[in-house]
Amino acid sequence: MFGQTSTTTTTPPPTDRGLEDLDAAAMAYAARIAGLPPERRGEARDDLVRFALPFAGRLARRYRGRGEPLEDLEQVARLGLVNAVDRYDPERGSFTAYAAITIVGEIKRHFRDRTWGVHVPRRLRDLILEVGQATAALTSELSRAPSVAELSARLETPEEEILAALESAAGYSPASLNAPVGGESSAEFGDLVGESDNALESVDDRVTVSGLLHRLPWRERRILAMRFYGNQTQAEIAARFGISQMHVSRLLSRALTWLRQAMLADAPPPWQNGAAEPDPGKTRISVKQNGDTVVVEVGGEIDRDGADQLRRAMLEAVTGQPSEVVVDLVGAGGFDAGGIAALMAGRDAAERTGVPLRLTRVQPAVRRSLTAAGLAPARD
(Lines give C-alpha, C1' and ligand atoms only; values in the text may rest on other atoms or scores of the structure.)
Protein backbone atom coordinates (compact mmCIF):
# COMPACT_ATOMS: atom_id res chain seq x y z
CA MET A 1 0.00 0.00 0.00
CA PHE A 2 0.94 3.60 -0.64
CA GLY A 3 2.76 5.14 2.27
CA GLN A 4 4.02 1.84 3.58
CA THR A 5 7.63 0.88 3.14
CA SER A 6 8.86 -2.66 2.87
CA THR A 7 11.94 -3.43 4.99
CA THR A 8 14.22 -6.47 4.79
CA THR A 9 16.34 -7.47 7.80
CA THR A 10 19.91 -8.43 6.82
CA THR A 11 22.57 -9.83 9.06
CA PRO A 12 25.79 -7.91 8.75
CA PRO A 13 28.72 -10.05 7.69
CA PRO A 14 31.11 -11.02 10.44
CA THR A 15 33.92 -9.16 8.71
CA ASP A 16 32.22 -5.89 9.61
CA ARG A 17 34.61 -4.36 12.13
CA GLY A 18 31.63 -3.00 14.06
CA LEU A 19 31.08 -6.51 15.36
CA GLU A 20 33.60 -6.63 18.17
CA ASP A 21 31.95 -9.50 19.99
CA LEU A 22 32.80 -12.95 18.72
CA ASP A 23 29.52 -14.31 20.01
CA ALA A 24 27.63 -11.77 17.93
CA ALA A 25 29.75 -12.56 14.88
CA ALA A 26 29.12 -16.27 15.34
CA MET A 27 25.37 -15.71 15.68
CA ALA A 28 25.40 -13.62 12.50
CA TYR A 29 27.36 -16.39 10.77
CA ALA A 30 24.82 -19.00 11.88
CA ALA A 31 21.94 -16.87 10.65
CA ARG A 32 23.73 -16.20 7.37
CA ILE A 33 24.25 -19.86 6.49
CA ALA A 34 20.88 -21.06 7.76
CA GLY A 35 19.20 -20.92 4.36
CA LEU A 36 22.26 -21.62 2.22
CA PRO A 37 23.14 -24.95 0.67
CA PRO A 38 26.42 -26.54 1.94
CA GLU A 39 28.36 -25.61 -1.22
CA ARG A 40 27.65 -21.89 -0.64
CA ARG A 41 28.59 -21.72 3.03
CA GLY A 42 32.35 -21.60 2.41
CA GLU A 43 32.52 -17.81 1.97
CA ALA A 44 30.66 -17.11 5.23
CA ARG A 45 32.89 -19.65 7.03
CA ASP A 46 36.04 -17.98 5.74
CA ASP A 47 34.72 -14.57 6.85
CA LEU A 48 34.18 -15.77 10.44
CA VAL A 49 37.58 -17.45 10.54
CA ARG A 50 39.32 -14.26 9.37
CA PHE A 51 37.37 -12.21 11.90
CA ALA A 52 38.42 -14.51 14.79
CA LEU A 53 42.10 -14.81 13.82
CA PRO A 54 43.25 -12.10 16.28
CA PHE A 55 41.48 -13.99 19.08
CA ALA A 56 43.37 -17.20 18.19
CA GLY A 57 46.62 -15.26 18.03
CA ARG A 58 46.12 -13.89 21.55
CA LEU A 59 45.62 -17.42 22.90
CA ALA A 60 48.75 -18.68 21.10
CA ARG A 61 50.89 -15.88 22.55
CA ARG A 62 50.06 -17.06 26.06
CA TYR A 63 52.23 -20.13 25.41
CA ARG A 64 55.27 -18.48 23.87
CA GLY A 65 58.61 -18.89 25.57
CA ARG A 66 58.07 -22.58 26.26
CA GLY A 67 60.49 -23.93 23.69
CA GLU A 68 58.26 -23.72 20.61
CA PRO A 69 58.40 -20.99 17.94
CA LEU A 70 55.48 -18.55 18.12
CA GLU A 71 54.76 -19.11 14.42
CA ASP A 72 54.14 -22.81 15.07
CA LEU A 73 51.85 -22.04 18.00
CA GLU A 74 49.84 -19.56 15.95
CA GLN A 75 49.44 -22.15 13.21
CA VAL A 76 48.13 -24.70 15.73
CA ALA A 77 45.79 -22.10 17.20
CA ARG A 78 44.37 -21.32 13.76
CA LEU A 79 43.77 -25.01 13.18
CA GLY A 80 41.82 -25.13 16.44
CA LEU A 81 39.83 -22.07 15.37
CA VAL A 82 38.81 -23.73 12.10
CA ASN A 83 37.70 -26.83 14.02
CA ALA A 84 35.68 -24.65 16.39
CA VAL A 85 33.93 -22.87 13.51
CA ASP A 86 33.10 -26.15 11.77
CA ARG A 87 31.69 -27.74 14.94
CA TYR A 88 29.91 -24.68 16.34
CA ASP A 89 26.24 -25.07 17.30
CA PRO A 90 24.51 -21.84 18.47
CA GLU A 91 22.14 -23.82 20.66
CA ARG A 92 25.00 -25.04 22.87
CA GLY A 93 26.09 -21.65 24.14
CA SER A 94 28.83 -19.08 23.67
CA PHE A 95 31.07 -19.40 20.64
CA THR A 96 33.86 -17.53 22.42
CA ALA A 97 34.03 -20.06 25.25
CA TYR A 98 33.80 -23.01 22.87
CA ALA A 99 36.48 -21.61 20.56
CA ALA A 100 38.82 -20.88 23.48
CA ILE A 101 38.53 -24.44 24.82
CA THR A 102 39.07 -25.92 21.34
CA ILE A 103 42.10 -23.72 20.54
CA VAL A 104 43.79 -24.22 23.90
CA GLY A 105 43.18 -27.96 23.62
CA GLU A 106 44.92 -28.06 20.25
CA ILE A 107 47.89 -26.11 21.62
CA LYS A 108 48.25 -28.41 24.62
CA ARG A 109 47.93 -31.45 22.38
CA HIS A 110 50.72 -30.03 20.22
CA PHE A 111 53.00 -29.66 23.23
CA ARG A 112 52.10 -33.15 24.44
CA ASP A 113 52.46 -35.10 21.21
CA ARG A 114 54.69 -33.17 18.81
CA THR A 115 57.43 -31.49 20.80
CA TRP A 116 59.12 -34.40 22.57
CA GLY A 117 62.56 -35.37 21.33
CA VAL A 118 62.10 -38.98 22.45
CA HIS A 119 59.04 -41.10 23.02
CA VAL A 120 57.57 -40.75 26.51
CA PRO A 121 54.28 -42.43 27.54
CA ARG A 122 51.28 -40.12 27.68
CA ARG A 123 50.74 -40.83 31.38
CA LEU A 124 54.23 -39.55 32.17
CA ARG A 125 53.83 -36.51 29.92
CA ASP A 126 50.69 -35.48 31.80
CA LEU A 127 52.42 -36.06 35.12
CA ILE A 128 55.39 -33.95 33.99
CA LEU A 129 53.04 -30.99 33.42
CA GLU A 130 51.53 -31.46 36.87
CA VAL A 131 54.97 -31.68 38.46
CA GLY A 132 55.99 -28.47 36.71
CA GLN A 133 52.94 -26.60 37.98
CA ALA A 134 53.36 -27.99 41.49
CA THR A 135 57.06 -27.07 41.48
CA ALA A 136 56.27 -23.47 40.56
CA ALA A 137 53.59 -23.22 43.26
CA LEU A 138 55.73 -24.79 45.99
CA THR A 139 58.74 -22.69 45.05
CA SER A 140 56.63 -19.57 45.52
CA GLU A 141 55.32 -20.81 48.87
CA LEU A 142 58.57 -22.17 50.31
CA SER A 143 61.00 -19.68 48.70
CA ARG A 144 63.10 -22.66 47.63
CA ALA A 145 62.97 -25.62 45.30
CA PRO A 146 60.65 -28.34 46.65
CA SER A 147 61.88 -31.83 47.44
CA VAL A 148 60.56 -35.01 45.84
CA ALA A 149 58.69 -35.84 49.04
CA GLU A 150 56.97 -32.44 49.03
CA LEU A 151 55.97 -32.83 45.37
CA SER A 152 54.66 -36.30 46.14
CA ALA A 153 52.54 -34.98 49.01
CA ARG A 154 51.17 -32.08 46.94
CA LEU A 155 50.18 -34.29 43.97
CA GLU A 156 49.28 -37.33 46.10
CA THR A 157 51.50 -39.44 43.87
CA PRO A 158 54.17 -41.99 44.89
CA GLU A 159 57.73 -40.68 44.98
CA GLU A 160 58.83 -43.30 42.42
CA GLU A 161 56.48 -41.80 39.84
CA ILE A 162 57.65 -38.26 40.68
CA LEU A 163 61.26 -39.35 40.09
CA ALA A 164 60.28 -41.05 36.82
CA ALA A 165 58.57 -37.85 35.67
CA LEU A 166 61.60 -35.71 36.55
CA GLU A 167 63.92 -38.06 34.67
CA SER A 168 61.60 -38.29 31.67
CA ALA A 169 61.38 -34.51 31.44
CA ALA A 170 64.88 -34.52 29.97
CA GLY A 171 63.42 -36.24 26.89
CA TYR A 172 61.51 -33.08 25.94
CA SER A 173 64.52 -31.39 24.37
CA PRO A 174 67.54 -33.74 24.31
CA ALA A 175 70.93 -32.30 23.52
CA SER A 176 71.99 -32.56 19.89
CA LEU A 177 74.92 -34.83 19.08
CA ASN A 178 76.03 -32.19 16.56
CA ALA A 179 76.28 -29.45 19.19
CA PRO A 180 79.83 -28.03 19.49
CA VAL A 181 81.77 -29.03 22.58
CA GLY A 182 82.82 -25.44 23.24
CA GLY A 183 85.73 -23.12 22.81
CA GLU A 184 87.57 -23.01 19.53
CA SER A 185 87.50 -26.75 19.11
CA SER A 186 85.69 -28.14 16.08
CA ALA A 187 84.71 -31.29 17.99
CA GLU A 188 81.04 -32.10 18.46
CA PHE A 189 79.26 -33.67 21.41
CA GLY A 190 78.74 -36.87 19.42
CA ASP A 191 82.52 -37.28 19.12
CA LEU A 192 82.69 -37.79 22.90
CA VAL A 193 80.11 -40.57 22.95
CA GLY A 194 81.67 -44.01 22.79
CA GLU A 195 80.52 -46.75 20.46
CA SER A 196 79.97 -50.39 21.28
CA ASP A 197 82.89 -52.57 20.22
CA ASN A 198 81.51 -55.89 19.06
CA ALA A 199 85.00 -57.41 18.94
CA LEU A 200 85.47 -56.66 22.65
CA GLU A 201 83.08 -59.45 23.61
CA SER A 202 85.21 -62.01 21.80
CA VAL A 203 88.54 -61.01 23.38
CA ASP A 204 88.42 -63.83 25.93
CA ASP A 205 87.62 -66.40 23.24
CA ARG A 206 90.38 -65.11 20.99
CA VAL A 207 92.97 -65.27 23.76
CA THR A 208 91.86 -68.78 24.76
CA VAL A 209 91.95 -70.06 21.17
CA SER A 210 95.38 -68.52 20.62
CA GLY A 211 96.76 -70.48 23.56
CA LEU A 212 95.08 -73.70 22.47
CA LEU A 213 96.37 -73.46 18.90
CA HIS A 214 99.94 -73.78 20.18
CA ARG A 215 99.00 -77.16 21.66
CA LEU A 216 98.10 -78.52 18.21
CA PRO A 217 100.67 -80.24 15.98
CA TRP A 218 102.37 -78.06 13.41
CA ARG A 219 100.46 -79.50 10.46
CA GLU A 220 97.04 -78.92 12.06
CA ARG A 221 97.99 -75.36 12.99
CA ARG A 222 99.16 -74.72 9.44
CA ILE A 223 96.01 -76.20 7.89
CA LEU A 224 93.76 -74.11 10.14
CA ALA A 225 95.69 -70.96 9.26
CA MET A 226 95.52 -71.70 5.53
CA ARG A 227 91.80 -72.49 5.67
CA PHE A 228 90.47 -69.73 7.92
CA TYR A 229 93.08 -66.98 7.54
CA GLY A 230 94.40 -67.67 4.06
CA ASN A 231 90.91 -68.52 2.75
CA GLN A 232 92.30 -71.47 0.79
CA THR A 233 90.15 -74.39 -0.31
CA GLN A 234 90.67 -77.94 0.93
CA ALA A 235 91.90 -78.91 -2.54
CA GLU A 236 94.57 -76.19 -2.44
CA ILE A 237 95.67 -77.27 1.02
CA ALA A 238 95.81 -80.89 -0.05
CA ALA A 239 98.04 -80.00 -3.01
CA ARG A 240 100.31 -77.97 -0.75
CA PHE A 241 100.85 -80.87 1.67
CA GLY A 242 100.78 -83.66 -0.92
CA ILE A 243 97.83 -85.42 0.71
CA SER A 244 94.25 -86.12 -0.33
CA GLN A 245 91.42 -83.64 0.08
CA MET A 246 89.58 -86.21 2.20
CA HIS A 247 92.56 -86.35 4.56
CA VAL A 248 92.52 -82.52 4.85
CA SER A 249 88.82 -82.65 5.70
CA ARG A 250 89.46 -85.22 8.44
CA LEU A 251 92.32 -83.17 9.88
CA LEU A 252 90.20 -80.00 9.94
CA SER A 253 87.28 -81.78 11.56
CA ARG A 254 89.47 -83.36 14.21
CA ALA A 255 91.25 -80.08 15.02
CA LEU A 256 88.00 -78.09 15.26
CA THR A 257 86.37 -80.74 17.43
CA TRP A 258 89.32 -80.70 19.80
CA LEU A 259 89.27 -76.88 19.97
CA ARG A 260 85.55 -76.84 20.83
CA GLN A 261 86.05 -79.40 23.59
CA ALA A 262 89.07 -77.53 24.93
CA MET A 263 87.16 -74.21 24.96
CA LEU A 264 84.40 -75.70 27.11
CA ALA A 265 86.64 -77.70 29.46
CA ASP A 266 88.44 -76.42 32.53
CA ALA A 267 91.60 -78.18 31.36
CA PRO A 268 92.38 -78.91 27.69
CA PRO A 269 91.97 -82.62 26.86
CA PRO A 270 94.94 -84.49 25.40
CA TRP A 271 95.25 -84.05 21.68
CA GLN A 272 95.00 -87.75 21.05
CA ASN A 273 94.31 -90.60 23.47
CA GLY A 274 95.68 -94.11 23.25
CA ALA A 275 92.59 -95.52 21.56
CA ALA A 276 92.92 -93.18 18.61
CA GLU A 277 94.71 -94.04 15.41
CA PRO A 278 98.43 -93.19 15.22
CA ASP A 279 99.01 -89.52 14.69
CA PRO A 280 100.39 -89.05 11.16
CA GLY A 281 101.68 -85.62 12.19
CA LYS A 282 103.92 -86.92 14.98
CA THR A 283 107.64 -86.64 14.29
CA ARG A 284 109.23 -90.01 13.48
CA ILE A 285 112.97 -90.26 12.89
CA SER A 286 115.03 -93.43 12.57
CA VAL A 287 118.64 -94.05 11.50
CA LYS A 288 119.49 -97.25 9.61
CA GLN A 289 122.81 -98.60 8.34
CA ASN A 290 122.70 -99.98 4.80
CA GLY A 291 126.24 -101.12 4.07
CA ASP A 292 128.41 -98.02 3.85
CA THR A 293 125.32 -95.84 3.50
CA VAL A 294 123.38 -94.37 6.40
CA VAL A 295 119.67 -93.80 5.80
CA VAL A 296 117.85 -91.25 7.96
CA GLU A 297 114.12 -91.87 7.64
CA VAL A 298 111.97 -88.85 8.50
CA GLY A 299 108.19 -88.97 9.00
CA GLY A 300 105.47 -86.74 10.34
CA GLU A 301 105.65 -82.99 10.87
CA ILE A 302 109.05 -81.53 11.66
CA ASP A 303 108.24 -78.58 13.87
CA ARG A 304 110.13 -76.88 16.65
CA ASP A 305 109.89 -79.93 18.91
CA GLY A 306 111.10 -82.39 16.24
CA ALA A 307 113.85 -80.15 14.86
CA ASP A 308 116.35 -80.99 17.62
CA GLN A 309 115.72 -84.69 17.17
CA LEU A 310 116.37 -84.42 13.41
CA ARG A 311 119.51 -82.33 13.95
CA ARG A 312 121.00 -84.88 16.36
CA ALA A 313 120.19 -87.78 14.02
CA MET A 314 121.86 -86.12 11.02
CA LEU A 315 124.96 -85.11 12.99
CA GLU A 316 125.35 -88.66 14.31
CA ALA A 317 124.95 -90.05 10.78
CA VAL A 318 127.63 -87.73 9.38
CA THR A 319 130.05 -88.28 12.29
CA GLY A 320 130.41 -92.00 11.46
CA GLN A 321 132.08 -91.09 8.10
CA PRO A 322 129.81 -93.25 5.89
CA SER A 323 130.17 -93.26 2.14
CA GLU A 324 126.85 -91.42 1.85
CA VAL A 325 124.01 -90.13 4.00
CA VAL A 326 120.53 -90.46 2.51
CA VAL A 327 117.68 -88.51 4.13
CA ASP A 328 114.47 -90.29 3.17
CA LEU A 329 111.58 -87.78 3.43
CA VAL A 330 108.80 -89.93 1.99
CA GLY A 331 106.87 -89.77 5.26
CA ALA A 332 107.54 -86.12 6.06
CA GLY A 333 104.37 -84.05 5.83
CA GLY A 334 105.85 -80.61 6.45
CA PHE A 335 108.75 -78.57 7.79
CA ASP A 336 108.57 -75.36 9.74
CA ALA A 337 111.51 -72.96 10.09
CA GLY A 338 113.08 -75.07 12.85
CA GLY A 339 112.91 -78.25 10.76
CA ILE A 340 114.51 -76.59 7.73
CA ALA A 341 117.23 -75.16 9.99
CA ALA A 342 117.96 -78.70 11.23
CA LEU A 343 118.34 -79.96 7.63
CA MET A 344 120.70 -77.06 6.84
CA ALA A 345 122.75 -77.84 9.94
CA GLY A 346 123.09 -81.47 8.79
CA ARG A 347 124.05 -80.35 5.28
CA ASP A 348 126.76 -78.01 6.63
CA ALA A 349 128.14 -80.77 8.84
CA ALA A 350 128.28 -83.14 5.84
CA GLU A 351 130.16 -80.54 3.78
CA ARG A 352 132.71 -80.02 6.55
CA THR A 353 133.38 -83.75 6.85
CA GLY A 354 133.23 -84.40 3.10
CA VAL A 355 130.36 -86.88 3.39
CA PRO A 356 127.87 -86.77 0.48
CA LEU A 357 124.34 -85.99 1.65
CA ARG A 358 121.23 -86.56 -0.44
CA LEU A 359 117.57 -85.76 0.20
CA THR A 360 115.25 -88.23 -1.49
CA ARG A 361 111.57 -89.10 -1.95
CA VAL A 362 110.37 -85.65 -1.03
CA GLN A 363 106.64 -84.80 -1.09
CA PRO A 364 105.68 -81.99 -3.54
CA ALA A 365 104.67 -79.55 -0.78
CA VAL A 366 107.87 -80.21 1.14
CA ARG A 367 109.96 -79.93 -2.06
CA ARG A 368 108.78 -76.37 -2.62
CA SER A 369 109.76 -75.38 0.91
CA LEU A 370 113.18 -76.99 0.69
CA THR A 371 113.90 -75.50 -2.73
CA ALA A 372 113.00 -72.04 -1.46
CA ALA A 373 115.45 -72.56 1.45
CA GLY A 374 118.30 -73.56 -0.90
CA LEU A 375 118.06 -77.29 -0.17
CA ALA A 376 117.70 -78.88 -3.59
CA PRO A 377 116.27 -82.41 -3.12
CA ALA A 378 117.30 -85.17 -5.48
CA ARG A 379 114.84 -86.04 -8.26
CA ASP A 380 113.53 -89.57 -7.70
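Glu106 is a buried residue, with a relative accessibility of 16%. The term buried denotes under 20% relative accessible area, exposed denotes over 50%, and partly exposed covers the range in between, for a 1.4 Å probe and protein chains only. This is a predicted model, in which local features need pLDDT of at least 70 and side-chain atom pairs count only at pLDDT 80 or more, while totals for chains, interfaces and linings use all residues. Residues are numbered from 1 along each chain as its sequence is written, and side-chain values use heavy atoms, with hydrogens and water left out.

The partner of Glu106 is Arg109, with which a salt bridge is formed; the closest N and O atoms are 3.2 Å apart. A salt bridge is defined here as a side-chain nitrogen of Lys or Arg within 4 Å of a carboxyl oxygen of Asp or Glu. Both residues belong to helix α4 (residues 95–113), and because they are 3 residues apart, about one helical turn separates them. Helices (H or I, at least four residues) and strands (E, at least two) are DSSP runs, numbered from the N terminus. In contrast to buried Glu106, Arg109 is partly exposed, at 39% relative accessibility.

Across the whole structure, 15 salt bridges are found. One of them joins Glu324 to Arg358, with 2.9 Å between the closest N and O atoms. Glu324 is placed in strand β3 (residues 324–335) and Arg358 in strand β4 (residues 357–360), so this pair ties together parts that are 34 residues apart in sequence. Glu324 is partly exposed at 22% relative accessibility, and Arg358 is likewise partly exposed, at 32%.

Strand β3 also contributes Asp328 to a link between distant parts of the chain, the other member being Arg361 in the loop between β4 and α14 (364–372), 33 residues apart. Arg361 and Asp328 form a salt bridge whose closest N and O atoms are 2.5 Å apart.

Although Arg361 is not a glycine, its phi is positive, at about 50 degrees. Another positive phi in a residue other than glycine occurs at Gln321, where the value is near 55 degrees. Gln321 is located in the loop between α12 (304–319) and β3.

Aromatic contacts are the next topic. The structure holds 1 aromatic pair. It consists of Tyr88 and Phe95, whose ring centres are 5.0 Å apart and whose planes stand at 80 degrees, so the pair is edge-to-face. Under the criteria applied, rings of Phe, Tyr and Trp (its six-membered ring) pair if their centres lie within 6.5 Å; planes under 30 degrees apart count as stacked, over 60 as edge-to-face and the rest as tilted. Tyr88 is buried, with a relative accessible area of 13%, and Phe95 is also buried, at 1% relative accessibility.

On the surface, Arg58, Arg61, Arg62 and Arg64 gather in a patch of positive charge. Patches are made of residues with over 30% relative accessible area and no salt bridge; like charges are joined within 9 Å, and nonpolar side chains (Val, Leu, Ile, Met, Phe, Trp, Tyr) within 5 Å. Lys and Arg count as positive and Asp and Glu as negative, while His and the chain ends are not counted.

Arg222 is partly exposed, with a relative accessible area of 34%, whereas Ile223 is buried, with a relative accessible area of 1%. For Ile223 and Arg240, the C-alpha to C-alpha distance is 9.8 Å and the sequence separation is 17 residues.

Definitions and conventions: Areas by Shrake-Rupley, 256 points an atom, 1.4 Å probe, with all protein chains shown as cover. Charge placed at Lys NZ, Arg CZ, Asp CG, Glu CD.
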